[in-house]
Amino acid sequence: MIDKLIKYLGYFTAIIVAVLVLLVVYDATARYLFSTGSIALQELEWHLFDVIILFGIAYTLRENAHVRVDIFYASYSQKTKALLNIISSLFFILPFSVLIIYIGIDFVAMSFTQNEASSNPGGLEYRYLVKALLPLSFLFLSLQALSDAKTNFTTWKSL
C-alpha cells in the first residue's frame, strides 16, 4: 500500500513538473515580450519547485534511483545489497527523517501562528502551507524507507 501511495505521489509530482514548465514559459513570455510580470507567479514557481524536490525524494527511493556509490554497490551480492539497504533505511534515513519531521512541525506551527506571508508586495500569502511540505515529505520518505526495509529483509532472509 505504501508503494502504491508513493507511486501516485510520483505521478502527482510529474504533473507539477508539467505545470511548472508551463508557468515558467508563460512568465518568461510575459516578462520579455510584453514587459509585464507577477511577483506572485514567480513565487509560485519556487513553491512548485519545492513540491517537486520534496515529494520527489520518496519516489526516488521507491524507484531505487537515489545517489550512492554504485561503483562498489554493483559488485556486491544480492544478500549484501539487501543488508546494506536495510541498514541505510533503518539507521540513516529513518532517524534523519524523524528529526526533520520533529523540527519541521514546530517550524510550520510558528509560521502558521505568525500568519507568515511573502515580504514582497504582491507576493503569496499562507507561507506555512509551503513549509508544511517539509515534514510531510519526510513522512512519505519514512514510510518508503520502512517499506524498503521490509522488502529487503524478506529478500535477505530468502537468500
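Reader: Is the crossing of helix 4 and helix 6 left-handed or right-handed?

Author: This is a predicted model, in which local features need pLDDT of at least 70, side-chain atom pairs count only at pLDDT 80 or more, and totals for chains, interfaces and linings use all residues. Residues are numbered from 1 along each chain as its sequence is written, and side-chain values use heavy atoms, with hydrogens and water left out. Helices are DSSP runs (H or I, at least four residues), numbered from the N terminus, and a crossing is left-handed if the near helix is turned anticlockwise from the far one by less than a right angle, right-handed if clockwise. For helix 4 and helix 6 the crossing is left-handed.

Reader: At what angle do the axes of helix 4 and helix 6 cross?

Author: Axes are lines fitted to C-alpha atoms, for helices over the stretch in contact, and angles run from 0 to 180 degrees between N-to-C directions. Helix 4 (residues 78-113) and helix 6 (residues 133-158) have axes that come within 8 Å, and these cross at roughly 160 degrees.

Reader: How is helix 4 oriented relative to helix 6?

Author: Angles under 35 degrees count as roughly parallel, over 145 as roughly antiparallel, 65 to 115 as roughly perpendicular and the rest as oblique. The axes cross at roughly 160 degrees, which makes helix 4, relative to helix 6, roughly antiparallel.

Reader: How do helix 1 and helix 2 run relative to each other?

Author: Helix 1 (residues 2-34) packs with helix 2 at an angle of about 155 degrees, the axes being 8 Å apart. Helix 1 and helix 2 are therefore roughly antiparallel.

Reader: Where does helix 2 bend?

Author: Helix 2 (residues 39-62) has 24 residues and spans 35 Å from its first C-alpha to its last. The bend at a residue is the angle between axes fitted to the seven residues ending there and the seven starting there. In helix 2 that angle is about 35 degrees, at Gly56.

Reader: Is Leu54 buried or exposed?

Author: Leu54 is found in helix 2. Buried means under 20% relative accessible area, exposed over 50%, partly exposed in between (1.4 Å probe, protein chains only). With a relative accessible area of 15%, Leu54 is buried.

Reader: How far apart in space are Asn120 and Ile39?

Author: Asn120 is found in the loop between helix 4 and helix 5 (127-131), and at 39% relative accessibility it counts as partly exposed. Asn120 and Ile39 are 81 residues apart in sequence, but their C-alpha to C-alpha distance is 7.4 Å.

Definitions and conventions:
Helix = DSSP H or I, 4+ residues; strand = E, 2+ residues; numbered from the N terminus. Expected span 1.5 Å × (residues − 1).
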